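Q: Here is a model to look at. Can we go through the terms used for it and ask what each one rests on?

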Amino acid sequence: MRRALFALMKLSFLEAVRRQILHVMVLLSLVVIAIAGTVSFFDLGVQVKIVKDTGMVMILLAGSLSVVFLISGALFQDVEQRIIYPVLARPIPRGLYLLARYLGALAAVYVGMTLMAVTLIALLWVHLHYVSGLAVVAIAFTYLEVALVGAMAMLLSTFFTPAMTATLTLFLYLLGSLKMGYLHHLAERNTGFAKWVITAVSAVLPNMEAFRFKDALVHDLSVPASYLVLVAIYGICYSATCIALSIWNFGRREV
Amino acid sequence: MRLVIVLIVLMTLLPVALADEHDDHGHHHEPHHWESTEMRHEILTQLGGIVTLGVVAGSYLLVRRRMSA
């Protein structure tokens with residue numbers, strides 16, 4: 001079973017790295033990060049902040065968009081093109097196939113994100129001659145956030161078409177990013193049924209803001225280790241829940 | 001076409017994402033999320049919900065497997 005998982009992951013990875021969208025996202029982000037790091041209109045302190053800010057934003061945006069567009073159409077295309085039938089005809093569980101598709105696409109996105117992360121760290125090294133541990137931590141939690149977005153996309157792809165999946169995932173990602181500020185404020189201002197709906201939606205949505213330590217990196221602030229552990233466990237559990245629900249839904253539908 | 005949509009979304013979100021809320025003039029600002037007890041409470045509540053869901057689902061699958069065995 002493990003061999004089948006790795007074989008399918010490898011196929012999914014190779015298919016994902018050939019997709020043009022990933023190349024464009026990575027290339028665009030590398031160009032923006034490089035420009036932020038090399039064009040110097042400001043003094044060193046401000047320049048470093050700009051490099052950190054731009055680098056973290058580009059890694060997150062490129063990773064999130066890439067994973068959404070890679071995963072949103074993966075299952076649908078496999079079913080439409082009948083690629084899935086000979087795979088499932090072997091004794092390979094549907095859940096294993098879905099998990100392999102998710103992990104393979106995620107690995108491809110991580111390769112792109114690693115290129116961007118290495119570029120960012122290299123630029124920080126050039127400017128500061130050291131790299132703080134917080135930079136590595138902030139980048140690691142960006143990887144976790146992208147994994148969570150990918151898991152959400154995979155869950156929605158078992159219900160909807162690729163276009164609807166991509167749109168809904170990006171919408172939920174945006175809502176999850178505004179959850180603590182906007183949605184909570186909205187729930188406080190409303191009453192009755194509206195408040196109940198907003199509270200219910202807010203309770204289910206993932207808290208995307210929790211994974212972002214860009215401000216801590218840019219302004220050299222310290223973050224408690226206990227909070228980092230809590231957020232890591234939260235991210236892994238939420239992603240695992242989305243994948244488990246995807247497996248459950250994909251298992252019970254007809255292909 | 002999809003590429004154009006990606007680029008438009010990227011260009012639209014980039015200025016929003018780059019907006020810095022930090023105020024250097026000593027005015028009051030919202031605490032960062034790692035300093036916020038509300039955030040910790042929110043995360044713990046969701047984590048509790050996920051664990052509960054996992055325990056319920058796991059128990060259901062166990063019972064179903066024993067009944068079908």
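Predicted model: local features only at pLDDT ≥ 70, side-chain atom pairs only at ≥ 80, totals over all residues.

Q: How does the confidence look residue by residue in chain A?
A: On a scale from 0 to 100, chain A averages a pLDDT of 90, and 99% of its residues score at least 70. Within chain A, the mean is lowest in helix H5 (residues 84-89), at 78, and highest in H7(A), at 96.

Q: What are the values for chain B?
A: Chain B has a mean pLDDT of 75, with 58% of its residues reaching 70 or more. Over residues 20-26 of chain B the pLDDT is below 50, and this stretch has 5 contacts in the model beyond near neighbours in sequence.

Q: Which elements make up chain A?
A: Chain A has 12 helices and 0 strands.

Q: What makes the radius of gyration of chain A agree with that of a compact globule?
A: For 255 residues the globule rule gives a value near 18 Å; chain A has 20 Å, so the two agree. The C-alpha trace of chain A spans about 60 × 50 × 30 Å along its principal axes.

Q: What share of the contacts in chain A joins residues 24 or more positions apart?
A: Among contacts with a separation of 6 or more, such pairs account for 82%.

Q: Why is A:Ser246 called buried?
A: The cut-off is 20 or more other C-beta atoms within 10 Å. A:Ser246 has 25, so it is buried. Buried residues make up 42% of chain A.

Q: Where does A:Ser246 lie, and which residues does it contact?
A: A:Ser246 lies in helix H12 (residues 225-252) of chain A. Leaving aside neighbours within four places in sequence, A:Ser246 is in contact with A:Leu98, A:Met154, A:Leu155 and A:Thr158. A:Leu134, by contrast, is 112 residues from A:Ser246 in sequence and 33 Å away in space, C-alpha to C-alpha.

Q: How do you know that the span of H12(A) agrees with its number of residues?
A: At 1.5 Å a residue, 28 residues should span 40 Å; the end C-alpha atoms of H12(A) are 41 Å apart, so the values agree.

Q: What covers the buried residues of H12(A)?
A: The cover includes helix H6 (94-128) and helix H7 (133-157) of chain A, together with helix H2 (37-68) of chain B. Among the buried residues of H12(A) are A:Val231, A:Tyr234, A:Cys242 and A:Phe250.

Q: Which residues of H2(B) are buried, and what covers them?
A: The buried residues of H2(B) are B:Met39, B:Glu42, B:Ile43 and B:Gln46. Their cover includes helix H9 (179-189) and H12 of chain A.

Q: How do you know that the span of H2(B) agrees with its number of residues?
A: The 32 residues of H2(B) should span 46 Å at 1.5 Å a residue, and its end C-alpha atoms are 46 Å apart, so the values agree.

Q: Why are H2(A) and H6(A) called roughly parallel?
A: The axes of helix H2 (residues 20-38) of chain A and H6(A) come within 10 Å and cross at roughly 10 degrees. Angles under 35 degrees count as roughly parallel, and therefore the name applies to H2(A) and H6(A). The residues making the contact include A:Leu22, A:Met25 and A:Ser29 of H2(A), and A:Ala108, A:Gly112 and A:Leu123 of H6(A).

Note on methods:
Residues numbered from 1 in each chain as written. Chains lettered and ligands numbered in written order. Helix = DSSP H or I, 4+ residues; strand = E, 2+ residues; numbered from the N terminus. Rg over C-alpha atoms; globule rule 2.2 N^0.38 Å. Buried ≥ 20, exposed ≤ 12 C-beta atoms within 10 Å, placed from the backbone. Contact = placed C-beta atoms within 7 Å. Expected span 1.5 Å × (residues − 1). pLDDT = per-residue confidence, 0-100. Axes fitted to C-alpha atoms, helices over the stretch in contact; angles between N-to-C directions. Parallel < 35°, antiparallel > 145°, perpendicular 65-115°, else oblique.
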